[in-house]
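Here is a short briefing for someone new to this structure. Please look over the sequence and the 3D view before reading the points below.

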Amino acid sequence: MQNKKVFLSGIQPTNIPHIGNYFGAVKNWVKSQESGELSSFYFLADLHAITIRQDPKAFREQILSCYALFLAMGLDAEKSALFVQSHVPEHSELAWILGCYAQFGELSRMTQFKEKTVSYKEGESNIGLFSYPVLQAADILIYQADFVPVGKDQKQHLELARNIAQRFNNAHGETFKLPEPYITQNTAKIMSLSEPLKKMSKSDENANAAVFMLDDKDVVIKKFKRAVTDSEAKVEYRENDETKAGINSLMSIYAAAADKSFDEIQKEFDGRGYGDFKTAVGESVAALLTPIQEEYKKLRTDGEYLEACMRKGAEKASAAARPTLNAAREKIGFLQV
Ligand code: TRP
């Protein structure tokens, strides 16, 4: 246990995950969980989510739904630490400490903060949005994480976590491990169905851009039928050809959902139109989602079970977080009474 590498990731419980989250992340987490090679921490970042105003009732439901869906997708509260961020108050305490080692200037330069707040009027922004990456640094550093899977949008935040860790270590001696970005190999690149040069996103305004894990079969089929492709009518994977971005992404989805190679797919649809192909992609995704959705429905109504899993996750996480927090407190000179 001790020498296992620590793998950590968080996701905001602000929307239902989509198939891009599943094929690009969760499916691999499940695989790595089953291999038992890593010590894994997965959490719902509810503290991060309140940087934007949430309706309390909907928020509560959303957290439960996301947690149930994580379980339904195959994450296991026994094998991994699967928890809700706010159930582990050590994150918030370390975030305050690390905030005192983060510089105003470096936080002002965070692209995500600048992009999110550019359109905000006076009074619409808040300190939580500004210090968001400090809390994220605490999430990561408190578990002495070795690897954090990051997409392009989170790379800068991981870089900042490393800088804060380094600054603290320089001041007080080795306390935090410097986390490395984890680039997953062979993961499917899943793009928006309506604008295939953009990544599939939970917050896309166009409802047809993403297929969500809880979409009904007919919705799934309809979304794939409408997917933007090209006018070549050739099901062929061409990595760096932007005109094939839509087809490349659909082929990646089909390959992942039906467990087929690009070659096999090309042969299967040789001389056939995109209509047949899109139907096949839709059918294969719907077939993959059905058992996950059935499991989800069972879990979602079992509040007691969900709470028990959450409690177990929080205990595991807290036990792992505590030593790091105590070490930081000690080095700073806080009294332990
Ligand atoms: N900021 C991440 C996102 O929106 C979520 C997140 C919070 C996270 N804490 C984290 C991701 C720690 C990785 C590690 O996607």
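A residue counts as buried when its relative accessible area is under 20%, and as exposed when that area is over 50%. By that cut-off, Ala81, Leu82, Phe83 and Val84 of strand β3 are buried. The model is a predicted one.

- Strand β3 spans residues 81–84. Ala81 and Phe83 point one way from β3. Leu82 and Val84 point the other way.
- Strand β2 spans residues 38–44 and pairs with β3 in the parallel sense. Four bridges join β2 and β3.
- Within this pairing, Phe83 in β3 stands opposite Phe43.
- Strand β2 is mostly covered, with seven of its seven residues buried.
- Leu38, Ser40, Tyr42 and Leu44 point one way from β2. Ser39, Phe41 and Phe43 point the other way.
- On β2 there is also a pairing with β1, again in the parallel sense, over seven bridges. Gly10 has Phe43 of β2 as its bridge partner.
- Strand β1 is largely enclosed by the rest of the structure, because five of its seven residues are buried.

**The ligand site**

- Which residues are around the ligand? They are Leu8, Gly10, Gln12, Phe43, Ala45, His48, Tyr132, Gln136, Asp139, Ile140, Val148 and Gln154.
- By class, this shell has six nonpolar, five polar and one charged residues.
- Strand β1 (5–11) and helix α7 (127–141) each supply at least two residues of the shell. Helix α7 gives the most, with four residues.
- Phe43 and Gly10 link this site to the strands above: both are around the ligand, and Phe43 in β2 is the bridge partner of Gly10.
- Gln136 has a polar side-chain atom 3.0 Å from a nitrogen atom of the ligand.
- Asp139 has a polar side-chain atom 2.7 Å from a nitrogen atom of the ligand.
- For Gln154, an N or O atom in the side chain is 3.2 Å from a nitrogen atom of the ligand.
- How much of the ligand's accessible area does the protein cover? On its own the ligand has 360 Å² of accessible area, and the protein covers 87% of it.

**Helix α8**

- Helix α8 covers residues 152–172, and Phe168 lies in it. Asn169, Asn170 and Ala171 are also in this helix.
- Is Phe168 buried or exposed? Phe168 is buried, because its relative accessible area is 0%.
- Leaving out residues up to four places away in sequence, Phe168 touches Ile97, Tyr101, Gly173, Thr175, Phe176, Ala328, Lys331 and Ile332.
- Phe168 and Pro196 are 28 residues apart in sequence, and their C-alpha atoms are 42 Å apart in space.
- Asn169 has a relative accessible area of 7%, so this residue is buried.
- Beyond its neighbours within four places in sequence, Asn169 is in contact with Glu174, Thr175, Phe176 and Leu178. Thr175 and Phe176 are also among the residues that Phe168 touches.
- Asn170 is at 61% relative accessibility, so Asn170 counts as exposed.
- Asn170 and Lys31 are 139 residues apart in sequence and 37 Å apart in space, C-alpha to C-alpha.
- Ala171 is exposed, because its relative accessible area is 52%.
- Ala171 and Lys331 are 160 residues apart along the chain, and 9.3 Å separates their C-alpha atoms. Lys331 is also one of the residues touched by Phe168.

**Asn248 in helix α10**

- Asn248 lies in helix α10, which covers residues 245–258.
- Asn248 is buried, because its relative accessible area is 7%.
- Which residues does Asn248 touch, not counting residues up to four places away in sequence? They are Glu236, Tyr237, Arg238, Glu239 and Asp241.

Methods:
Residues numbered from 1 in each chain as written. Predicted model: local features only at pLDDT ≥ 70, side-chain atom pairs only at ≥ 80, totals over all residues. Heavy atoms only, no water. Buried < 20%, exposed > 50% of the residue type's maximum accessible area, 1.4 Å probe, protein only. Contact = heavy atoms within 4.5 Å. Near = heavy atom within 4 Å. Polar contact = N/O pair within 3.5 Å; in protein donor to acceptor, adjacent residues only side chain to side chain. Areas by Shrake-Rupley, 256 points an atom, 1.4 Å probe, with all protein chains shown as cover. Nonpolar A, V, L, I, M, F, W, Y, C, P; charged D, E, K, R; others polar. Pairing = 2+ DSSP bridges.
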